[in-house]
Every structure is written in structure tokens, then in C-alpha cells.
Amino acid sequence: IFTGFAGMYVAPGSLHPLVFIVSLFAIAAGAGASGAINQWYDRDIDALMTRTKMRPIPAGVMAPAEALTMGLVISAMSVLLLGLASNWLAAGLLAFTIFFYAVVYTVWLKRSTPQNIVIGGAAGALPPVIGWTSVTGGLSIEPLLLFVIIFMWTPPHFWALALVKNDDYTRANIPMLPVVAGARETRKQIVIYAVLLAPLAVGPYFVGMASIGYGILASLGGALFVGLSMKLYRTGSDKHAMRLFAYSIIYLFLLFLSLVIDHTIISYIIGAV
């Protein structure tokens, strides 16, 4: 939701504040709806994993049919709302995102390939593109760069957690990378993705989306991400895996927060001049 907000906020142009809020709400509702469908389909394996066994369906709080109905109805309403409030290109992207996460990732990729997180990460990377498009009505290199940043961030972020929760995925027979390729190969892949991600995260500065201040912060944050990844590769400890996982969340948040702050400062300076 925050990356969707950032995409809307830094996009050229403007929306009426009410339209902005309604559009962001539609993106949030679509994300939640796809999560509901995911939990309906995954209720069997969720019941087997300690990380997910207290979710509403396996915990007996909600009936599966209710969850599916809620997910489908809110999905349709969120797409319709975004189309009416903003534009139909943004609504189409939201519909594609919901479909990709709920069907392509959840139904197909998650249980069939260790690359589930890599390919499926596209769904989580689309909100800033949807946000940007809801303001501009079109696509350009800037939102695609934001997409690539989140896309490359997702595997090392999730694999760090998967290393710690490997027993869960093994018990549920989910082919996560640590289950299929082992912990050492997973740690190696985390380092590779971190090294590729770090310069990409500085990209908004090079394409003119942000100032040198953002570029410096993104460089420092990326260097720390790589450092923590290499530390995990050397030690292989759960402590360092969880440290990387926690930092990855902070890192992505700070990247997009920096974009928002940078855009605010630049807009203020331009307005003052």
C-alpha cells in the first residue's frame, strides 16, 4: 500500500485529494482481496505451518466459502472503484495484479517451482506502477524502475525468512528454494540478488526522479543490504537470516519514503522559486 502511495505521490500531475484517497483505497482493497483468495486456496498447507496455522481459515474463525466470496467480491469492487475514480488502465493493472497473485502465483507457481517467489514477486512489485498510472494515465520508465526494484528485492527478502522457516515448508511440501536447493545455495542466491538490487535502487537518481540526496541514501542502504547478505552467507545462522529479513523491510520502506520526501522538498523549492 505504501509503495502504491509513493507511486501516486511522485508521479507527474495531480489528483483531487478525494480521488487520491479513493484510488489508494482501491489499491489497498485489491491487495487485501487477493490475500483472502490466497488464504482460501492455501488453507490446507496453512494448517500445517506454524507461521500460518492461526490464520482465520485454519484457525476456524472463518469458513472457506466466506473467505473466497469476500475475496472475489472485493476484488471486483476494487477494480471497478479504481476505474471509475481514476482510469481504466490503472484498473486493468490492478485486475492483472490480483489475478497474477491469486492464480498464477498461489495456484500454479507456489507448489510447483522453487522460482515461485522470483516470478510471483511481480504481483508485489506492481502497486507503484498502478499508483503512477492512476495519476498519469500512462506508463514510462520511472514506474517500471520502481517495479524492478521491488521485483529484485522480493527474493532475498523472502528467502531470508524461508531459511528460518525451512521446516514449515518441508512439512507442507512447498518447493521453496531452501527445501529444494539447500541452505547454502539459497544464501548464495540472496547475495547475488542483493548485489544486483543495490545499484538498481539508486536508479531513480540517474533517471531524474530524485536528487543526489536520495542517491546517497539509497547507496548506503544498498551497501548495508549487501553486507548483511554476505554476513548471512558466511555464518548461515538463523539470527543473521532474521536480521536480514527485518532490515529488508526497513530498507524498502526507507527507499520509498526517501522518494516521497525528496519529491516534497524538490516541489517546495520549485514552488518557492
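A salt bridge is here a side-chain nitrogen of Lys or Arg within 4 Å of a carboxyl oxygen of Asp or Glu. The model shown is predicted, so local features need pLDDT of at least 70 and side-chain atom pairs count only at pLDDT 80 or more, while totals for chains, interfaces and linings use all residues. Residues are numbered from 1 along each chain as its sequence is written, and side-chain values use heavy atoms, with hydrogens and water left out.

**Figure 1. Salt bridge between Arg111 and Asp44.** A search of the whole structure finds five salt bridges. In the one between Arg111 and Asp44, the closest N and O atoms are 2.9 Å apart. Helices (H or I, at least four residues) are DSSP runs, numbered from the N terminus. Arg111 has 30% relative accessibility and counts as partly exposed; Asp44, at 41%, is also partly exposed. In these legends, buried means under 20% relative accessible area, exposed over 50%, and partly exposed in between (1.4 Å probe, protein chains only). Arg111 and Asp44 also belong to a network of salt bridges that includes Asp42 and Lys110.

**Figure 2. Salt bridge between Asp46 and Arg55.** The two side chains meet with an N to O distance of 3.2 Å. Asp46 is buried, at 0% relative accessibility, whereas Arg55 is partly exposed, at 24%.

**Figure 3. Salt bridge between Arg171 and Asp168 within helix α9.** The closest N and O atoms of this pair are 2.5 Å apart. Both residues lie in α9 (residues 166-171), where a separation of three residues corresponds to about one turn of the helix. Arg171 is partly exposed, with a relative accessible area of 45%, but Asp168 is buried, with a value of 4%.

**Figure 4. Aromatic pair of Phe2 and Phe253.** Rings of Phe, Tyr and Trp (its six-membered ring) pair if their centres lie within 6.5 Å; planes under 30 degrees apart count as stacked, over 60 as edge-to-face and the rest as tilted. By this rule the count comes to 14 aromatic pairs. Phe2 and Phe253 form a tilted pair, at 4.9 Å centre to centre and with 40 degrees between the planes. Distant parts of the chain are linked here, since Phe2 lies in helix α1 (residues 2-10) and Phe253 in helix α14, 251 residues apart. Phe2 is partly exposed, with a relative accessible area of 27%, and Phe253 is partly exposed at 40%. Ring pairs join both residues to Phe5, Tyr9 and Phe20 in a cluster.

**Figure 5. Aromatic pair of Phe96 and Phe100 in helix α5.** This pair is tilted, with 5.7 Å from centre to centre and 45 degrees between the planes. Because Phe96 and Phe100 are four residues apart in helix α5, about one helical turn separates them. Phe96 is partly exposed, at 43% relative accessibility, whereas Phe100 is buried, with a relative accessible area of 12%.

**Figure 6. Nonpolar surface patch including Trp108.** Phe99, Val103, Val107 and Trp108 make a nonpolar surface patch of about 400 Å². Patches are made of residues with over 30% relative accessible area and no salt bridge, like charges being joined within 9 Å and nonpolar side chains (Val, Leu, Ile, Met, Phe, Trp, Tyr) within 5 Å. Trp108 lies in helix α5 and is exposed, with a relative accessible area of 57%.

**Figure 7. Positive surface patch of Lys231, Arg234, Lys239 and Arg243.** These four residues gather in a patch of positive charge on the surface. The elements that give two or more residues to the patch are α13 (212-235) and α14 (238-272). Lys231 is found in helix α13 and, at 34% relative accessibility, is partly exposed.

**Figure 8. Helix α7, largely enclosed by the rest of the structure.** Nine of the ten residues of α7 (residues 127-136) are buried, so this helix is largely enclosed. Among the buried residues are Pro127, Pro128, Ile130 and Trp132. Gly137 follows α7 and has a positive phi, near 75 degrees.

Definitions and conventions: Accessible areas come from the Shrake-Rupley method with a 1.4 Å probe; for residues, only the protein chains shown count as cover. Lys and Arg count as positive and Asp and Glu as negative; His and the chain ends are not counted. The place of a charge is taken as NZ of Lys, CZ of Arg, CG of Asp or CD of Glu.
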